Amino acid sequence: MAFDGYYDFYITSDDYDWETRILRKLEAKGLRGYHRNTFTLGSLKSSSRLNGIKNSKVTIIGFVPLSKTKSSVDKYLASLSFEFKGELICVQITEDSVIPDEYAGLVHYHGSDEEGLCCRIEEVIKSLPSGDVVDSSRPQPLEDFGPLTDLRIAELARELGNDWSMLATYLGISLAQQQDLRRDHQICSRERNQEMLVLWRKRDSCSPSEKLRTLMTALEKSDRTDLKDIVSLWQ
């Protein structure tokens with residue numbers, strides 16, 4: 001099926017059941033959604049999330065109570081949506097759900113009436129200009145980072161181990177961002193290291209070859225010359 005734009009919406013929430021219900025209701029209206037089950041196999045989650053935001057007309061984030069908040073990912077996605085000038089729909093799923101202060105001043109929706117919510121979301125989507133017609137059976141291409149591919153980032157993250165924080169500091173990742181990464185990835189250190197490297201790779205606006213040199217310098221300063229030697233072979 002061909003459709004206007006890339007995806008009509010990208011939906012995410014720490015409440016997976018709510019996310020699934022709203023997804024199905026919107027798809028029943030003929031809208032095409034991007035969600036965690038359409039993430040590209042073998043790609044980092046952060047890259048897939050970014051792909052969803054960049055290629056969707058609207059980003060729908062369902063915020064939950066603090067007691068059910070699993071990470072700061074939804075807050076991060078909201079900031080990315082603004083960065084790419086996308087349409088952001090914040091949903092307060094329940095009365096005690098918490099929308100971050102920086103987005104509390106925006107118009108947001110309450111999730112108690114799910115049918116009404118979906119109708120309002122449909123109106124917002126249909127009011128936006130249409131994009132180019134694309135083949136819906138093909139995933140949208142991710143940004144080209146040259147030799148710093150997702151696979152190599154994943155391999156480096158695995159070998160980096162507990163030296164990730166020192167490397168992050170030399171790559172310009174703030175202490176606050178490092179603390180967020182620790183909190184979000186308390187179980188799997190490899191995923192934490194991946195997220196840190198992807199965050200740096202995306203934020204650094206220089207060319208892929210310059211990024212490669214920056215990474216090698218940071219690895220040397222972190223006393224991981226073994227990893228610097230491996231990275232130096234990347235082409």
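Visitor: Which residue in β5 does T59 stand opposite?

Guide: T59 has L88 across from it in β5. This is a predicted model, where local features need pLDDT of at least 70, side-chain atom pairs count only at pLDDT 80 or more, and totals for chains, interfaces and linings use all residues. Residues are numbered from 1 along each chain as its sequence is written, and side-chain values use heavy atoms, with hydrogens and water left out.

Visitor: How do you know that β4 and β5 pair?

Guide: Two strands pair if DSSP finds at least two bridges between them. Strand β4 (residues 56–63) and strand β5 (residues 87–92) run parallel and are joined by 6 bridges, so they pass. Strands here are DSSP E runs of at least two residues, helices H or I runs of at least four, numbered from the N terminus.

Visitor: And what order do the strands take in the open sheet?

Guide: The 5 strands go β3-β2-β4-β5-β6, with parallel pairing.

Visitor: What makes β3 and β6 edge strands?

Guide: β3 (33–34) and β6 (108–110) each pair on one side only.

Visitor: Why is H35 called buried?

Guide: The cut-off is under 20% relative accessible area, with exposed over 50% and partly exposed in between (1.4 Å probe, protein chains only). H35 has 8%, so it counts as buried. H35 sits in the loop between β3 and α2 and touches Y10, I11, E19, L23 and E27, leaving out residues up to four places away in sequence; touching means heavy atoms within 4.5 Å.

Visitor: What makes L117 buried?

Guide: L117 comes in at 0% relative accessibility, so it is buried too. L117 belongs to helix α5 (residues 114–127). Not counting residues up to four places away in sequence, its contacts include W18, I22, V91 and Y109. The C-alpha atoms of L117 and K25 are 10.0 Å apart, although 92 residues separate them along the chain.

Visitor: Which residues make the contact between α9 and α10?

Guide: α9 brings L197, W200 and R201, and α10 brings K211, T214 and L215.
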